[in-house]
Amino acid sequence: MERVTDEQLLERYVASFEKLDGMIVDEFSPSSTELLAVGEEDKYGFRRWKPIKVETPQPFLREIYAELPDHFHFPPLFERL
């Protein structure tokens, strides 16, 4: 049995978004979704969003951890989501 790498696992997880969500940007979407919108509006005036790959710099993670209980850290795989 072939071992699935963390990178493959993340890619599969993100690919499932399209299967489980309409990925539509509308008035009910969080404002941050608009930043991920791609392409032109469809005939109903909606655009679709697409996830993008972003590396979170360690200083940003440290800011998050500073707000959480002592010694709490997400697993490395979660830090990459």
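Predicted model: local features only at pLDDT ≥ 70, side-chain atom pairs only at ≥ 80, totals over all residues.
Local features were taken only where pLDDT is at least 70 and side-chain atom pairs only at pLDDT 80 or more, whereas totals for chains, interfaces and linings use all residues. Residues are numbered from 1 along each chain as its sequence is written, and side-chain values use heavy atoms, with hydrogens and water left out.

The strands of the model form an open sheet of 3 strands in the order β1-β3-β2, with antiparallel pairing. Helices (H or I, at least four residues) and strands (E, at least two) are DSSP runs numbered from the N terminus, and two strands are taken to pair if DSSP finds at least two bridges between them. The edges of the sheet are formed by β1 (24–25) and β2 (37–38), each of which pairs on one side only. Strand β1 is joined to β3 (residues 47–49) by 2 bridges, and these two strands run antiparallel; Val25 stands opposite Arg47 in β3. In general, strands of a sheet pair through backbone hydrogen bonds, either parallel or antiparallel.

Side chains of opposite charge can pair when their charged atoms come close. The structure holds 3 salt bridges, a salt bridge being a side-chain nitrogen of Lys or Arg within 4 Å of a carboxyl oxygen of Asp or Glu. In one of them, the side chains of Lys53 and Glu7 meet with an N to O distance of 2.9 Å. Lys53 lies in the loop between β3 and α3 (58–66) and Glu7 in helix α1 (residues 6–20), so this pair ties together parts that are 46 residues apart in sequence. Lys53 counts as exposed, at 70% relative accessibility, while Glu7 is partly exposed, with a relative accessible area of 29%; here buried means under 20% relative accessible area, exposed over 50% and partly exposed in between, with a 1.4 Å probe and protein chains only.

Glu7 also meets Arg80 in a salt bridge, at 2.2 Å from N to O. This second pair links distant parts of the chain, with Glu7 in helix α1 and Arg80 in the segment after α4 (76–79), 73 residues apart. Arg80 counts as partly exposed, at 39% relative accessibility. A further salt bridge is formed by Glu34 with Arg47, whose closest N and O atoms are 3.1 Å apart. Here too distant parts of the chain are linked, with Glu34 in helix α2 (residues 31–34) and Arg47 in strand β3, 13 residues apart. Both partners are partly exposed, Glu34 with a relative accessible area of 42% and Arg47 with one of 24%. Salt bridges that share partners join Glu7, Lys53 and Arg80 into one network.

Helix α2 also holds Thr33, which is buried, with a relative accessible area of 11%. When residues up to four places away in sequence are not counted, Thr33 touches Val25 and Trp49, contact meaning heavy atoms within 4.5 Å.

A pair of aromatic rings is described by the distance of the centres and the angle of the planes. The structure holds 4 aromatic pairs, where rings of Phe, Tyr and Trp (its six-membered ring) pair if their centres lie within 6.5 Å, and planes under 30 degrees apart count as stacked, over 60 as edge-to-face and the rest as tilted. The rings of Phe17 and Trp49 have their centres 6.3 Å apart and their planes at 50 degrees, so this pair is tilted. The pair links distant parts of the chain, with Phe17 in helix α1 and Trp49 in strand β3, 32 residues apart. Phe17 counts as partly exposed, at 23% relative accessibility, whereas Trp49 is buried, with a relative accessible area of 18%. The rings of Tyr65 and Phe74 likewise form a tilted pair, with centres 5.8 Å apart and planes at 40 degrees. Tyr65 counts as buried, at 10% relative accessibility, and Phe74 is partly exposed, with a relative accessible area of 35%. Tyr13, Phe17 and Trp49 form one aromatic cluster.

On the surface, Tyr13, Val14, Ile64, Phe72, Phe74, Phe78 and Leu81 form a nonpolar patch with about 660 Å² of accessible area together. Patches are made of residues with over 30% relative accessible area and no salt bridge, like charges being joined within 9 Å and nonpolar side chains (Val, Leu, Ile, Met, Phe, Trp, Tyr) within 5 Å. Accessible areas come from the Shrake-Rupley method with a 1.4 Å probe, and for residues only the protein chains shown count as cover.
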